[in-house]
Amino acid sequence: MSGEPKKVDRRNFLYAGLGAVALVAIGVAAYNAMNPSVVTQTVTTSVPTTSVVTTTVPTTTATTVTTATTITTTTGVQKPKLTVLFMSTYAPAINDWLTARTLVWASKRGVDVEISTASYMEIKPKILTGVETGNPPDLVFGGGDLVALLAEDPKARHIEPVDDVYKELGEDDMVEKLVKWYTIDGKKYAVDLALHANQVHLIKSFVTEVGRKPEELDTWDDYIEFAKEVKRRHPDKYPLGFTLGKCYDGTETWYLTWWPHGGEMCTGRSSTAVKFDSPESRENLQRIINWYNDGLINPQMLQADEMLNNNAYLTRSAAFIIEGPTPYYAAVTRNPELAGDTILKVPPKGPKGRFTWGSQWPLYTFSASKNKELAKDLMIFLMKDKAEYKKMILSGLLAVGPIYKSLIEELANDKNVGHLYSVYKDSIPIVTFYSYPLSEPTKAMDTVQANYLVADLFSMTLIDKKDVDTAVKTVGDQIKEIFRRTYGQ
Amino acid sequence: MRLRTREALEGYSFSTPAFLLLFLVLFFPFAYVIYISFFEKIFGYEPVFSGLKNYLLIISDPIFKYSLYISTLYTVVAVIFKLILGLAFAILFAQEFRGRTVVRTVAVIPWGIPLFVVAALFFWFFDYNLGLANAILKALFGVKLFWLGPDWVIPSIIYVNVWKGIPFFMVNFLGALQTIPRSLYEAAEIDGASAWQRFRHITIPGIKYVMLIVCLLSTIWTFGEFDTIFFLTRGGPGYLTHIVPIYIYHQAFSNFSVGTAAAASVISVPIFLALISIILWALRR
């Protein structure tokens with residue numbers, strides 16, 4: 001080994017330099033790959049294909065794609081590519097229909113589509129990060145509790161109004177409550193794919209076993225009395241299949257028992273308009289605690305899991321559940337005997353009336369989307385052809401109802417399925433949203449709902465052993481604080 | 001002098017691409033997290049400077065304090081169990097017996113299963129009505145437990161982590177055990193050392209450094225684990241399994257507050273480092 005300093009090889013400089021250049025080149029290439037040069041497309045209905053693209057874009061009779069002028073006939077044109085994000089529902093046939101119809105649309109329009117699906121839990125982070133990075137999906141189905149968050153504040157209105165879609169679809173024929181739920185400052189920001197309203201899944205054999213008839217069960221008192229009778233006969237059962245965990249269904253349990261007993265959330269957009277901390281809330285929480293302590297609700301229901309009540313029904317470990325009828329879909333497809341032993345009914349009535357939870361199944365697009373006009377065109381394609389739309393509703397096996405009043409009427413009067421679909425007709429007047437009685441989309445209530453704050457009432461009292469007063473006050477203060485933070489008052 | 005400069009330049013030119021890459025994927029996101037933690041930042045909204053407000057909010061949040069506690073408990077207990085059981089299995093599988101290769105291979109399987117699959121497996125394993133755990137309990141003792149209910153959820157998630165993590169410890173210890181010269185044990189035996197003395201004075205010193213690294217890595221992974229617990233419990237029931245990563249996730253995607261999520265991340269770093277230091281110190285001793 002020589003002590004002489006090692007001579008520097010010039011080639012090494014060259015390699016290092018090339019390495020740096022290659023790294024930069026890879027970065028630039030990756031950036032370009034994520035941001036293709038085709039920047040805008042607009043959809044029209046009758047104008048022929050523009051001269052810029054006629055030789056390279058597949059033409060269609062219905063749609064013309066006009067691209068930015070950077071595209072020339074000699075370089076070739078990329079087909080527009082629509083990125084679509086669908087929430088996976090518990091009724092897979094509906095997702096299959098959505099995918100199939102989207103592909104039909106893409107084929108007719110000469111458009112590429114990239115369809116991805118995400119569970120209810122996954123879809124929100126995907127949408128939010130897309131919005132944050134300025135690269136949201138072109139069309140979303142799901143994430144209903146994000147619409148007000150992303151559309152209410154004029155300073156951060158990320159969702160594109162779809163009033164023109166409503167015009168095409170015929171707003172007059174739609175269930176008004178569903179339209180109102182997406183209307184902010186006079187503009188509509190989403191359109192519901194379907195009405196997903198909670199229904200009682202009542203297992204008839206339990207009812208007959210205790211010597212009653214399903215039609216006799218109408219009020220909350222009737223149902224609880226029935227549940228207690230089932231418990232007496234089957235000590236190993238937990239007749240009320242109600243989720244109490246910190247999750248979406250946990251909040252449904254609260255609202256479905258709270259509203260009929262006079263519970264109200266807010267009357268406006270300020271902390272002083274929040275009505276949560278009330279005697280009705282205390283009574284309702286105590287009522288649910290009593291049910292739990294009486295062994296009517298399975299302690300497993302404290303887990304944060306939307307499948308628990310579905311499973312309680314599917315395994316007959318509960319006598320009834322109240323849920324958007326996707327569990328019924330599961331019973332029809334996997335356990336027909338149970339489906340045959342089930343009756344779907346609107347939720348029980350309380351002293352202040354009858355209410356049901358209306359889940360949002362919205363379709364919407366974003367202002368930052370490069371293909372928002374195409375996305376709107378797809379929305380129209382999916383929902384305008386009522387014969388096709390009806391197929392989707394029927395494929396859901398009662399999991400959803402239509403948003404069109406005429407179609408609800410038609411299905412409710414159908415000699416084959418009318419007796420089943422009348423439950424959706426009965427649901428329309430009682431569909432309620434979490435900002436009731438305001439019943440408008442609000443960013444603050446989206447935050448309250450996304451946090452599943454009302455479900456904290458159950459864990460505070462049943463796990464942490466706090467008293468009812470403290471629990472209601474704590475959650476009420478948290479809700480007020482969210483309103484204060486959101487609206488500054 | 002000129003040559004030295006050229007050598008230095010050469011060094012810099014070689015290390016610059018790697019440094020840039022490291023900066024992009026590691027330092028930049030971390031620096032951005034620190035930066036955004038000083039802003040009130042809601043998804044989709046412009047950040048507004050808020051000084052230390054996010055930190056004060058997080059520090060005063062009892063759920064965050066509980067998250068730190070439960071994360072630490074979960075990590076420490078799980079790593080201790082993995083260490084003890086991993087070592088026991090390694091010593092067992094280091095012995096000569098018929099079918100040793102098959103048993104060793106089977107024992108490693110849990111380590112190879114992806115986290116979300118493990119979570120799905122145990123989700124059904126622990127189910128009150130349909131789960132295998134209760135089927136066994138019912139058959140043996142006539143009782144059923146709410147494994148993911150308030151009373152049993154913490155032991156249950158620790159059990160899942162230990163089940164998944166033991167093979168990692170075992171394989172590493174097995175490798176380390178094979179590097180200890182057989183002659184040391186023979187000499188100790190001739191000198192009359194008991195089995196415990198041989199274990200204490202030969203085995204442990206022989207695998208000490210492997211043990212240190214394995215525990216360190218496992219601590220890092222366990223403290224930062226998200227998938228399994230999120231899938232199994234989503235941090236519940238209530239907030240019982242609200243470990244730090246789930247707390248941060250909820251700040252970001254339920255509370256929509258990127259600023260407080262970032263502040264919670266930054267606060268947890270020194271605590272995390274302290275935990276690692278304590279473990280290293282304990283193992284060195």
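Mentor: A:Asp185 counts as exposed, because its relative accessibility is 62% (exposed is over 50% relative accessible area, buried under 20%, and partly exposed in between, with a 1.4 Å probe and protein chains only). This is a predicted model, in which local features need pLDDT of at least 70 and side-chain atom pairs count only at pLDDT 80 or more, while totals for chains, interfaces and linings use all residues; side-chain values use heavy atoms, with hydrogens and water left out. Residues are numbered from 1 along each chain as its sequence is written, and chains are lettered from A and ligands numbered from 1 in the order in which they are written.

A:Asp185 sits in the loop between β6 (183-184) and β7 (187-188) of chain A. Strands here are DSSP runs of E with at least two residues, helices are runs of H or I with at least four, and numbering starts at the N terminus. The phi of A:Asp185 is positive, near 50°, and the residue is not a glycine. Most residues other than glycine have a negative phi, and most peptide bonds are trans.

A:Ser439 also has a positive phi, near 55°, without being a glycine. A:Ser439 is buried, because its relative accessible area is 16%. A:Ser439 belongs to the loop between β17 and α17 of chain A. A:Pro437 is found in the loop between β17 and α17 (443-450) of chain A, and a cis peptide bond with omega of about 10° joins A:Tyr436 to A:Pro437. In chain B, the peptide bond from B:Gly236 to B:Pro237 is cis, with omega near 0°; B:Pro237 lies in the loop between α10 (227-233) and α11 (244-253).

Chain A has an open sheet of three strands in the order β9-β15-β17, with mixed pairing. β9 (196-197) and β17 (431-432) each have a single partner strand and stand at the edges, so one side of each has no neighbour in the sheet. Strands pair if DSSP finds at least two bridges between them. β15 (residues 356-359) and β17(A) run parallel and are joined by two bridges, with A:Thr356 partnered by A:Val431 in β17(A).

Elsewhere in chain A, β10 (residues 199-203) pairs with β11(A) in the antiparallel sense over four bridges, and A:Gln199 stands opposite A:Glu323. β11 (residues 320-323) is covered on both faces: A:Phe320 and A:Ile322 on one side, and A:Ile321 and A:Glu323 on the other, are all buried.

For the helices, α2 (residues 92-109) and α13 (residues 372-384) of chain A pack at about 120° with axes 10 Å apart. Axes are lines fitted to C-alpha atoms, for helices over the stretch in contact, and angles run from 0 to 180 degrees between N-to-C directions. α2(A) and α13(A) are therefore oblique to each other (under 35 degrees is roughly parallel, over 145 roughly antiparallel, 65 to 115 roughly perpendicular, and the rest oblique).
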